[in-house]
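Please have the sequence and the model at hand.

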Amino acid sequence: MLKTFPTAILQLPKRLKFASLLKRRSDPGDSTLQTTQVNHTAMATDDEISVPPGPPTSQLSTPAAKSRRMFFPLGYKEAAYQWWTGVSSRQAERNVLSFVPYLREHGASASASASQLQELAKEDPFGQRVWRSSMVQLSGKDRALNELAIERVNEPVDDTLVMLHGYGAGLGFFYKNFEPLSRAQGWKVYALDLLGMGNSARPAFRVKAKTQKEKIAEAESWFIDALEEWRRIRKIEKFTLMGHSLGGYLAVSYALKYPGHLNKLILASPVGIPEDPWAVNEAMPEPSMSRLSNEFTQDQESIVQREGMNTTKPNTAAPPKRPIPGWFSYLWDANVSPFSIVRLTGPLGPRFVSGWTSRRFSHLPPEEKEALHTYSYTLFNSKGSGEYALPYLLAPGAYARSPVINRIQEVGRQILKPATENSPEVRETGFPIVFMYGENDWMDVAGGFAAEEKIKQRVVKALLHGTDEEKRKENGSAKVVVVTKAGHHLYIDNPDEFNRVILKEMEETRKWGLKQKAME
């Protein structure tokens with residue numbers, strides 16, 4: 001587990017009296033989703049609160065009650081209890097991260113004895129590794145990124161991996177990837193919360209542009225300008241960028257706006273690849289509301305058990321229609337953010353969120369499932385900010401207003417130095433781009449195959465028409481990887497296979513870097 005020394009003494013919330021009353025009056029037959037006491041040592045600070053034990057629960061008493069609670073399994077009283085006694089989003093993040101094995105917090109040596117440190121070193125079969133959590137302050141008002149950094153002790157850092165989460169999520173969702181990915185020697189791993197999401201600062205989101213093209217660019221820049229400022233603060237010259245879903249879309253936008261800083265781009269189930277004319281031409285709504293797609297309807301059982309929709313070969317057939325509940329279609333058409341619903345429902349918010357978490361995390365152990373449910377609720381219930389950018393970037397159905405397929409061939413081909421009277425222009429000479437999809441991903445892998453083909457055509461063009469120097473340095477490539485037994489959240493659905501793919505890509509990147517250094 002991620003460890004801290006010593007364990008902080010946590011204060012119970014002031015509203016515990018009301019919570020205790022709820023606990024005494026709770027009906028044991030009200031819920032199937034238990035509020036469990038986390039039985040491991042959570043990372044905490046003195047000003048954060050612990051998760052109090054929830055009210056007792058038992059099996060549903062009647063088939064009718066079971067049917068009524070199938071979609072929102074958390075009972076009303078349990079939901080009110082969670083809302084009233086809920087932990088902070090930062091504590092919820094630490095509770096999730098406490099399931100990560102071996103890693104210890106940076107600075108723990110100051111309060112740990114020599115014998116404790118020796119024991120920790122023996123416990124970790126992949127070498128001592130430490131983590132640190134920071135809020136990196138950016139320029140301007142209320143702008144800061146929540147950062148988790150993992151590094152190997154007493155080893156030089158030659159390469160850097162940066163991980164970006166998807167819409168409305170947070171870096172804690174990568175908790176099954178941190179330990180395996182930090183095994184790679186010579187690498188430092190960062191996970192960031194996007195500006196306005198997770199535990200990063202949540203400034204007001206406003207768009208001042210008038211035209212649709214300018215609005216899209218401004219909405220993208222709201223996120224990627226923060227990423228670039230963070231890179232400069234951390235003094236990272238080049239790195240490998242991995243983005244999931246919306247994070248993948250924004251990773252492409254970053255590569256185009258800020259060229260020259262990426263060694264490799266890994267897009268895990270990226271949103272916005274294919275083109276849809278209706279999405280491109282539809283009128284853009286005001287930023288007071290936003291949208292979401294099939295993500296909130298797919299259950300884990302169907303992901304693991306059914307035959308894969310996505311395969312390792314291109315499929316030209318139209319993707320199958322996926323059923324969407326009537327309530328979801330109504331919210332989508334009305335352009336209402338699901339997170340605003342969570343905030344408006346107050347004590348019923350945890351029950352509303354349980355409709356997603358009970359299906360999405362059903363394959364996980366009860367303690368992890370409960371920790372992720374609480375973490376999800378605390379993020380969804382936080383102040384609205386980055387979520388309001390979504391309608392500027394995507395239309396209903398998760399189609400981008402500026403499709404990636406129309407831009408992907410220019411990733412890694414931007415001008416680094418314009419031509420002058422004495423020297424020609426200097427361009428990027430490409431870098432590997434990896435598209436990853438789950439076998440049962442609601443993101444259609446066909447978009448990845450189409451993007452792969454366009455990138456390969458661009459590589460051929462560069463080799464035919466580039467200068468001798470550009471041909472020598474050419475490094476462009478593309479591939480599509482399908483992770484079995486996984487859906488949109490492939491990094492948590494099948495973390496073992498996902499981590500193996502990422503580690504292989506990291507190793508290939510390291511070998512390329514060493515080769516380039518030897519040639520200099």
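## Basis

This is a predicted model: local features need pLDDT of at least 70, side-chain atom pairs count only at pLDDT 80 or more, and totals for chains, interfaces and linings use all residues. Residues are numbered from 1 along each chain as its sequence is written, and side-chain values use heavy atoms, with hydrogens and water left out.

## A buried arginine

Arg360 belongs to helix H13, which covers residues 349-360. Helices (H or I, at least four residues) and strands (E, at least two) are DSSP runs, numbered from the N terminus. Arg360 counts as buried because its relative accessibility is 0%. The cut-offs are as follows: buried means under 20% relative accessible area, exposed over 50%, and partly exposed in between (1.4 Å probe, protein chains only).

The Arg360 side chain makes a polar contact with the side chain of Asp493, at 2.6 Å. A polar contact is a pair of N or O atoms within 3.5 Å; within protein, one must be able to donate a hydrogen and the other to accept it, and residues adjacent in sequence count only if both atoms are side-chain atoms.

## Salt bridges across the chain

The whole structure holds 27 salt bridges. Each is a side-chain nitrogen of Lys or Arg within 4 Å of a carboxyl oxygen of Asp or Glu.

One of them pairs Asp158 with Arg510; the closest N and O atoms are 3.0 Å apart. This pair links distant parts of the chain, 352 residues apart. Asp158 sits in the loop between strand S3 (144-152) and strand S4 (159-164), while Arg510 is in helix H19 (residues 495-519). Asp158 is partly exposed, with a relative accessible area of 36%.

Lys176 and Glu368 form a salt bridge through their side chains (3.2 Å, N to O). Lys176 is in the loop between S4 and helix H6 (178-181) and Glu368 is in helix H14 (residues 366-380), so the bridge ties together parts 192 residues apart in sequence. Lys176 is partly exposed at 24% relative accessible area, whereas Glu368 is buried at 13%.

Glu505 and Lys479 also meet in a salt bridge (3.0 Å, N to O). Glu505 lies in helix H19 and Lys479 in strand S13 (residues 477-483), so this pair joins parts 26 residues apart in sequence. Glu505 is buried, with a relative accessible area of 3%; Lys479 is partly exposed, with 30%. Elsewhere, salt bridges with shared partners join Asp124, Arg129, Glu179 and Arg183 into one network.
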